[in-house]
Amino acid sequence: MEQETDRLIDELRQGKPAACERLLAEYGPAVLRMVQRIVTQCEDAEDVYQDVFVKALRSIGSYDSRKASLATWLNRIAYHESLNFVRGKKTVVVYMDDRDLDNDSLEIPDDASPNEQTIQQLEQALTMLPPHEQALVSMFYYDNMSLADIAYVTGSIPSTVGSQLSRIRKKLYRIIKTL
C-alpha cells in the first residue's frame, strides 16, 4: 500500500492526468465528507472540495510522507480550506457557548443507553457547535483518526486535541440536557 501511495505521489508530481483521477477516486469521498461537516451548503461544499484538490495538486511537491500520510495531509488542507471558507462567509450562525450552559453535572452517566432519540439529540447538539469543534468530533469519532493525526490536521499538539475533545464531550452533554 505504501509503495502504491509513493507511486501515486510521483505520478502526481509528474502531472499525469491518470494520477489525478486516482487521487480523486481514492481520497475524494473522505475529503468531501470532511468538507461537508464544516461547510454545510452543498454547492459551497463542492466548491471548497474542488479548491482542496487544486491546492493539493499545486503543492504536491511540498508533501512530506515523514510528517503525515497522504490522507492526513489532504484532510489538513480540507480542514483549513473549509474553515477559511466559513470564516469568509458573512452569514450569522449562532453556536452554543459554554457560558450559555449550566455547569452542573458534567459527567455522563454510565447507564445512558444509545437509542434513536439520543442519537437524534446528539446530531442536533453537534450542529450547535462551532465548525472547528464539529470537525474535531468528526475526525475522532467518525473518521477514527488518532490524536496525532488530528493535531497535524489542525496544526496543534495531541495533548491539546485530547483536552479539546474532552471539553467538547462535556459541552455536548450539557447541550443535550438543555434540549
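This is a predicted model: local features need pLDDT of at least 70, side-chain atom pairs count only at pLDDT 80 or more; totals for chains, interfaces and linings use all residues.
**Exercise 1.** Work out how many helices and strands the chain has, and what pattern they follow along the sequence.

*Solution.* Start by counting: the secondary structure comes to 8 helices and 0 strands. Now read along the sequence, and you get α-α-α-α-α-α-α-α.

**Exercise 2.** Describe how helix α2 and helix α4 meet.

*Solution.* First, find the two helices: α2 covers residues 17–38 and α4 covers residues 70–88. Next, look at their axes, which come within 9 Å and cross at roughly 35°. The crossing is right-handed. Then pick out the residues that touch. On the α2 side they include Leu23, Tyr27 and Met34, and on the α4 side Leu74, Asn75 and Ser82 are among them. Finally, sort the residues of this contact by type: 14 are nonpolar, 2 are polar and none are charged.

**Exercise 3.** Decide whether Cys20 and Cys42 are buried, partly exposed or exposed.

*Solution.* Buried means under 20% relative accessible area, and exposed means over 50%. Cys20 has 22% relative accessibility, so Cys20 counts as partly exposed. Cys42 comes out at 40%, so Cys42 is partly exposed too. While you're on cysteines, check for disulfides: the count is 0.

How values were computed:
Residues are numbered from 1 along each chain as its sequence is written. Side-chain values use heavy atoms; hydrogens and water are left out. Axes are lines fitted to C-alpha atoms, for helices over the stretch in contact, and angles run from 0 to 180 degrees between N-to-C directions. Helices (H or I, at least four residues) and strands (E, at least two) are DSSP runs, numbered from the N terminus. A crossing is left-handed if the near helix is turned anticlockwise from the far one by less than a right angle, and right-handed if clockwise. Contact means heavy atoms within 4.5 Å. Ala, Val, Leu, Ile, Met, Phe, Trp, Tyr, Cys and Pro count as nonpolar, Asp, Glu, Lys and Arg as charged, and the others, Gly among them, as polar. A disulfide is a pair of cysteine sulfur atoms within 2.5 Å. Buried means under 20% relative accessible area, exposed over 50%, partly exposed in between (1.4 Å probe, protein chains only).
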